[in-house]
Amino acid sequence: MKVAIIGTGYVGLPTGVGLAELGNQVTCIDREPRKIEALKAGKITLFEEGLEELFHKNIKAGRICFTTSMKEGVETADLVIIAVGTPPHPITKEADMKYIHAAATELAEYLQGYTVIATKDAVPVGTGDDIEQLISKKNPTAEFDVVSLPEFLREGFAVHDFFHPDRIVVGANTQRAKEVIAELYKPFKGKTNMLFVKRRSSETIKYASNAFLAIKIHYINEMANFCEKTGADVYEVAQGMGLDSRIGPKFLNPGPGYGGSCFPKDTNAMAFMGRVNGVELSLIETAIKGNAVRKKEMAKRVLDSVVNQKTPKIAVLGLAFKGGTDDCRESPAMEILGEILAVPGPRVTVYDPKAMENAKALLGDKVQYAQDAYEAARGADVVVILTEWNQFKKLDLAKLATVMHHKRMVDLRNTFRTQDATAAGFEYVGVGK
């Protein structure tokens with residue numbers, strides 16, 4: 001199948017490479033010439049575990065190419081996937097649809113023969129109807145269907161999730177469109193659940209899923225606070241809860257709050273849609289407010305560890321919103337760091353295995369940048385772990401302690417066991433214990 005993908009970000013590029021690996025002819029389209037030139041030159045523009053190898057493999061095989069030309073990508077395509085972002089509106093926090101609307105309007109001119117247009121990112125309910133109207137207005141003779149094809153790729157695990165999906169959800173209102181998508185995902189037939197639903201149901205599923213997971217994270221963080229006050233261990237509590245098949249063990253890891261490019265954006269968008277439709281979504285609203293408070297509480301936890309020092313040095317390990325990605329968008333680490341930097345006095349040195357360049361674009365010269373964790377911790381009064389990188393779990397605690405001025409650790413990801421950290425001489429603060 002010939003597939004055009006509009007957008008080469010954290011959704012578009014892994015999807016394009018994955019579809020190429022399945023044997024499709026994929027053209028990735030992006031308006032940023034620098035990004036396209038880099039991709040054409042064989043330079044991958046984001047980090048995802050396992051992506052680079054498949055990227056080079058499929059370029060070599062001639063199954064994937066890159067262009068800034070909408071015409072070049074769309075006019076021969078059987079399927080056009082719109083994978084541009086839906087960032088939150090700065091005031092209302094609703095999903096900003098200008099990029100999707102612009103893409104739909106531009107691609108309409110180049111449709112040749114029957115084509116399926118698919119939305120990939122989370123989009124408000126009714127977006128498929130809007131795209132139909134935009135395309136029909138621009139090109140009244142176009143023969144097309146619009147489907148909702150939400151992605152469920154976890155950043156850091158996008159390649160794995162593409163080839164091992166929990167489910168494939170297809171929102172299609174015509175049989176012809178269903179058959180095209182069924183053919184696209186034929187390699188997964190019998191290996192995963194493929195759910196065909198109404199387009200508006202599919203558009204809701206993505207938001208409902210992310211909002212539910214955000215609520216689950218907020219809940220376990222509240223339980224962590226309770227455990228700290230009562231002497232319980234949140235991990236033992238989570239284990240006991242997770243053994244209930246109705247609850248399950250996933251997303252019961254306490255930490256500094258949810259973040260990333262999906263959960264904050266999608267919970268806010270879902271809450272906005274609830275208000276617009278006159279539906280009270282109190283659990284989502286509460287999770288949003290509680291998650292914002294959580295970041296401030298975690299920043300205070302860090303600052304309290306050095307409250308008696310005039311100009312403390314704070315070493316921050318982890319800037320990406322989670323391990324396995326270089327994405328700093330809505331990162332709890334970055335938000336907590338922002339709270340710390342707003343207080344006069346602390347000097348901050350940071351390190352992240354993959355997200356340093358993205359962080360520099362956001363932080364500038366407000367912090368110092370280290371080459372590794374030990375350099376970041378040199379002379380520090382406290383080391384703070386904000387991202388759950390496996391690399392941090394392998395740190396030599398004794399070595400880390402020897403390079404520090406004061407042996408203090410605020411571990412907001414519970415990277416280490418309390419007894420191991422204290423055995424290495426650290427004053428240790430974790431979460432939920």
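## Salt bridges in this model

A salt bridge is a side-chain nitrogen of Lys or Arg within 4 Å of a carboxyl oxygen of Asp or Glu. Asp304 forms one with Lys300, their closest N and O atoms being 2.9 Å apart. Both residues lie in helix H12, 4 residues apart, about one turn of the helix. Helices here are DSSP runs of H or I with at least four residues, numbered from the N terminus.

This is a predicted model, where local features need pLDDT of at least 70 and side-chain atom pairs count only at pLDDT 80 or more. Residues are numbered from 1 along each chain, and side-chain values use heavy atoms, without hydrogens and water.

## A pair between H6 and H9

In total, the structure holds 25 salt bridges. In one of them, Arg200 meets Asp129 at 2.6 Å, N to O. Arg200 belongs to helix H9 (residues 199-230) and Asp129 to helix H6 (residues 127-138), so the pair ties together parts 71 residues apart in sequence.

Arg200 is partly exposed at 45% relative accessibility, and Asp129 is partly exposed at 23%. The term partly exposed covers values between buried (under 20% relative accessible area) and exposed (over 50%), using a 1.4 Å probe and protein chains only.

## A pair between H9 and H12

Let's look at another link. The side chains of Glu228 and Arg301 form a salt bridge at 3.0 Å, N to O. Glu228 sits in helix H9 and Arg301 in helix H12 (residues 282-304), 73 residues apart.

Is Arg301 buried or exposed? Arg301 is buried, with a relative accessible area of 18%, while Glu228 is partly exposed at 30%.

Terms used:
Helices (H or I, at least four residues) and strands (E, at least two) are DSSP runs, numbered from the N terminus.
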